[in-house]
Amino acid sequence: MSEELNLEARAIIATNEAPKAIGPYSQAVRAGNLLFISGQVALHPESQQMVAGGIAEQTTQVFANLKAILEAGGSSFAQVVKATVFLKNFDDFAAMNAIYAEHLAAAGTQPPARSTIEVSRLPKDALIEIDLVALVAAG
């Protein structure tokens with residue numbers, strides 16, 4: 001039996017509290033009770049410029065961007081079920097992981113599934129990019 005997909009069951013999520021998409025994609029898409037957040041780099045939402053500093057500063061900005069999109073989509077860090085982390089240099093793992101843990105593995109919470117991948121290059125020559133999948137209340 002063939003079922004027709006209901007594309008109207010998905011909603012595009014956009015917020016001015018996170019950087020505008022720098023290509024033909026959405027900040028996030030809500031489909032049913034899942035929120036799929038596009039990879040975020042350390043662009044400041046107002047200037048659309050990369051934040052100054054190293055991996056700690058960039059990771060902090062990435063999480064600020066992710067938080068804004070999660071909230072705009074009706075979710076939170078506590079509802080994240082999957083994270084994918086892209087690092088330009090795996091030597092930055094420990095510094096990234098410390099900040100990651102503050103947001104996605106706080107004491108008393110269940111951390112999401114995660115993949116961490118070293119890549120040769122990221123958009124805007126970022127040091128880190130993170131995408132998320134989170135739960136949202138059925139609506």
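Ala-83 has Arg-114 of strand E5 as its bridge partner. This pair belongs to a predicted model, in which local features need pLDDT of at least 70, side-chain atom pairs count only at pLDDT 80 or more, and totals for chains, interfaces and linings use all residues. Residues are numbered from 1 along each chain as its sequence is written, and side-chain values use heavy atoms, with hydrogens and water left out.

Helices (H or I, at least four residues) and strands (E, at least two) are DSSP runs, numbered from the N terminus. Two strands pair if DSSP finds at least two bridges between them. Strands of a sheet pair through backbone hydrogen bonds, either parallel or antiparallel. Here, six strands make an open sheet with mixed pairing, in the order E1-E2-E3-E6-E4-E5. Strand E1 (10-13) and strand E5 (113-118) are at the edges and have a single partner strand each, so one side of each has no neighbour in the sheet. On average, neighbouring strands of this sheet are turned by 10 degrees against each other, direction ignored.

The pairings can be followed one at a time. E4 and E5 are parallel and share six bridges. E4 and E6 are antiparallel, with seven bridges, and Leu-87 has Ile-128 of E6 as its bridge partner. Strand E3 (residues 34-40) also runs antiparallel to strand E6 (residues 128-135), and five bridges join them. Ile-37 is paired with Leu-132 in E6.

Helix H1 (residues 55-72) packs on the sheet and touches E1, strand E2 (28-31), E3, strand E4 (80-87) and E6; its direction makes about 25 degrees with that of E6. Contact means heavy atoms within 4.5 Å. Axes are lines fitted to C-alpha atoms, for helices over the stretch in contact, and angles run from 0 to 180 degrees between N-to-C directions. Helix H2 (residues 93-104) lies across E4, E5 and E6 and runs at about 160 degrees to E4. E4, H2 and E5 form a right-handed β-α-β unit; right-handed means that, with the strands pointing away from the viewer, the path from the first strand over the helix to the second runs clockwise.

How do the two helices meet? Two packed helices are described by the angle between their axes and the distance between the axes. H1 and H2 pack at about 25 degrees, and their axes are 9 Å apart. H1 is therefore roughly parallel to H2, a term for angles under 35 degrees. Residues that make the contact include Thr-59 and Phe-63 of H1 and Met-96 and Ile-99 of H2.

Two residues of H1 can be looked at individually. Thr-59 is found in helix H1 and is buried, with a relative accessible area of 0%. Buried means under 20% relative accessible area, exposed over 50%, and partly exposed in between (1.4 Å probe, protein chains only). Neighbours within four places in sequence aside, Thr-59 touches Met-96, Ile-99 and Ile-128. Gln-61, also placed in helix H1, counts as buried at 13% relative accessibility. With neighbours within four places in sequence left out, the contacts of Gln-61 are Ala-42, Leu-43, His-44, Pro-45 and Val-51.

The last stop is a loop. Most residues other than glycine have a negative phi. Lys-124 is not a glycine, yet has a positive phi of about 60 degrees. Lys-124 lies in the loop between E5 and E6 and counts as exposed at 52% relative accessibility. Asp-125 is found in the loop between E5 and E6; its phi is positive, near 55 degrees, and Asp-125 is partly exposed, with a relative accessible area of 42%.

Methods. Angles under 35 degrees count as roughly parallel, over 145 as roughly antiparallel, 65 to 115 as roughly perpendicular and the rest as oblique.
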